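Dear colleague,

I am handing over the structure below, and my notes on what was found in it follow. Please keep the structure open while you read, and look up each place as it comes.

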Amino acid sequence: VTPEVVFTPVRRLAELVRAREVSPVALAETFLGRLETLGPRLNAVVTVTRERALDAARRAEREIAAGRYRGPLHGIPYGAKDLLATAGGIATTWGAAPCRDQSFDADATVIRRLDEAGSVLVAKLAMVELAGGMGYRQPDAAFTGPGVNPWDPAHWSGGSSSGAGSAVAAGLVPFAIGSETWGSILSPAAYCGVAGLRPTFGRVSRHGAMVLSWTLDKLGPLALTADDCGLVLEAIAGPDPDDPTTAREAFRHDAADASARRFRFGVVTQALAACDDGVRETLLRAVGVLRQLGTVEDVTLPDLPYEATARVILGAEAASAFEDLVESGRIVELTAPEDRYTPYARDAILAKDYVRALRLRGLVAREVNRVFSTVDLLVAPSRPTVAPRLGQEFRSALRGTANDVAGALGNLAGLPAIGVPSGFDAAGLPTSVQLLGAAFAEETVLAAARGYQALTDWHLEHPRLG
Amino acid sequence: VQPERPPTDPEVERRWALVRDRYGDRLTAEELAQLRQVVEGLVGAVQEVRRVPLTNADAPLDGFAPLRRTS
């Protein structure tokens, strides 16, 4: 294996594997080695699945040699956020000390589908405990330690898919699977300078994934490019009888040259107003690039309590999802001190509050749909700030200390969004632009993001880990 | 960002009493003070949600569907 396989997009790795210029076993060994040596520095890994990985890599090698090539993920290593169930005695810890010995008898549907595509699971990746649903206020909120940002170890990798973001950015895996309830894919993708795709609610089965919120949880890929996110989404999307929320239609990633396509972009004025100066500066530059791909207009979203509605729904559902853990008092074993008491507050949400928030959610979805009659994609910063420093409290829309209109409405309405790198602030930390589409319009989201990445080279920058 | 509320908001007091009575004996004074702030924030969110008028016809947007018989 030549060193160039690290930081090489899945699309190119697939060509090398298919042409038998790179062996899946050697590829797995390369990334296993990086996970074992660099993973601990970033607190990015819970379990390196060496034995399972090498079994899968050898199988891929045999199949490809025999002419049974399965597709672009065949023989490609990946990491999974440690809330996805894995069989074979591999722990699934949900990032939480009380669950660190937990294991399951069967793989999550997403893991099974990636197996079927020939991908090679090399690691269970670190995450904020219980996907951040307990109300954490600072990065040290996982038994594996705070996620460290590969661009600057004094800063956070983001969360709750912390390891997914940092492992892709640091070249420890070619792609990863993360989850988002509200911000957990786009945040680490933004802070770590990689692409992160949050699919439409129902696009990807959650069967076998830890539940934080039944009506908000989504699974999606983080990778070096938007194109890679599309390749992975095609493998994991589709109906699943084990998850009745999944949509019937399959997803096909269209990798055709998108440069001739024209898009109507709408820049969310509320999101632009709420971000830090460094983020705003790179976002405006990104908007300048998007003008080469279509029309750009400002869009002011209807004045609705997006963040408050999402807080009520997430709080009520999380209270039920973790009722046993909270009532038992075992939350005292969690890492973040604030996670040991914050969940108790959710008893203050009444049933009628939750139902009212669900009713308001319908209004939000209809209003946002109206916006999509005049634009194809909404544009906003993926995060309003760059990566916060470790050891410091950060602002959060989930706690009501920050604004995140695009994130709140996108998750409330179950809409797909991608975050792709848009530059760096003055301190050298990555920024990211978010493209948010209508329900099941992943193809449009990905095409625009691919178009943007064809005109920029931010995704070609990688951290130096020494 | 939550708007400031007077410290004696009766809605906060009622709901804080519910939480404190149930879990207060598990927590230190400092944790209780922090928890009260969280309750205040949640009540603020609930009040924001309530401010939007809804009609009787505004149904919850949820995914419930009866399960079909499989055999």
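In which loop is A:Gln138 found? Before the answer, please bear in mind that this is a predicted model. A:Gln138 lies in the loop of chain A that runs between strand S3 (120-125) and strand S4 (148-149).

A:Gln138 has a relative accessible area of 16%, and because the cut-off for a buried residue is under 20%, A:Gln138 counts as buried. Its side chain has two partners that you can look for: the side chain of A:Gln138 reaches the backbone nitrogen of A:Asp140 at 2.9 Å, and it also makes a polar contact with the side chain of A:Glu338, at 3.0 Å. If the neighbours within four places in sequence are left aside, A:Gln138 is in contact with A:Ala336, A:Pro337 and A:Glu338, and also with A:Gln392, A:Glu393 and A:Phe394.

Another part of chain A to look at is helix H13, which spans residues 405-412 and is mostly covered, with eight of its eight residues buried. The buried residues of H13(A) are A:Val405, A:Ala406, A:Gly407, A:Ala408, A:Leu409, A:Gly410, A:Asn411 and A:Leu412. After H13(A) comes A:Gly414, which has a positive phi, near 70°.

Next, the place where the two chains meet. Chain B gives 30 residues to the contact, while chain A gives 38 residues, and the area buried between chain B and chain A is about 3100 Å², with carbon and sulfur atoms giving 64% of this area. Across the interface of chain B and chain A, the rule finds five salt bridges, and one of these is formed by A:Arg366 with B:Asp58, whose closest N and O atoms are 3.1 Å apart. Between chain B and chain A, 15 residue pairs are counted as being in polar contact, with both residues at pLDDT 80 or more.

On the side of chain B that touches chain A, the elements that give two or more residues are helix H1 (10-23) and helix H2 (29-50) of chain B. The largest share of this side comes from H2(B), which gives 12 residues. Sorted by kind, the residues on the side of chain B that touches chain A are 18 nonpolar, five polar and seven charged.

With best wishes

Terms used
Residues are numbered from 1 along each chain as its sequence is written. Chains are lettered from A and ligands numbered from 1 in the order in which they are written. Side-chain values use heavy atoms; hydrogens and water are left out. Contact means heavy atoms within 4.5 Å. Buried area is the accessible area (1.4 Å probe) that two parts lose on being put together, summed over both. A salt bridge is a side-chain nitrogen of Lys or Arg within 4 Å of a carboxyl oxygen of Asp or Glu. A polar contact is a pair of N or O atoms within 3.5 Å; within protein, one must be able to donate a hydrogen and the other to accept it, and residues adjacent in sequence count only if both atoms are side-chain atoms. Helices (H or I, at least four residues) and strands (E, at least two) are DSSP runs, numbered from the N terminus. Ala, Val, Leu, Ile, Met, Phe, Trp, Tyr, Cys and Pro count as nonpolar, Asp, Glu, Lys and Arg as charged, and the others, Gly among them, as polar. Buried means under 20% relative accessible area, exposed over 50%, partly exposed in between (1.4 Å probe, protein chains only).
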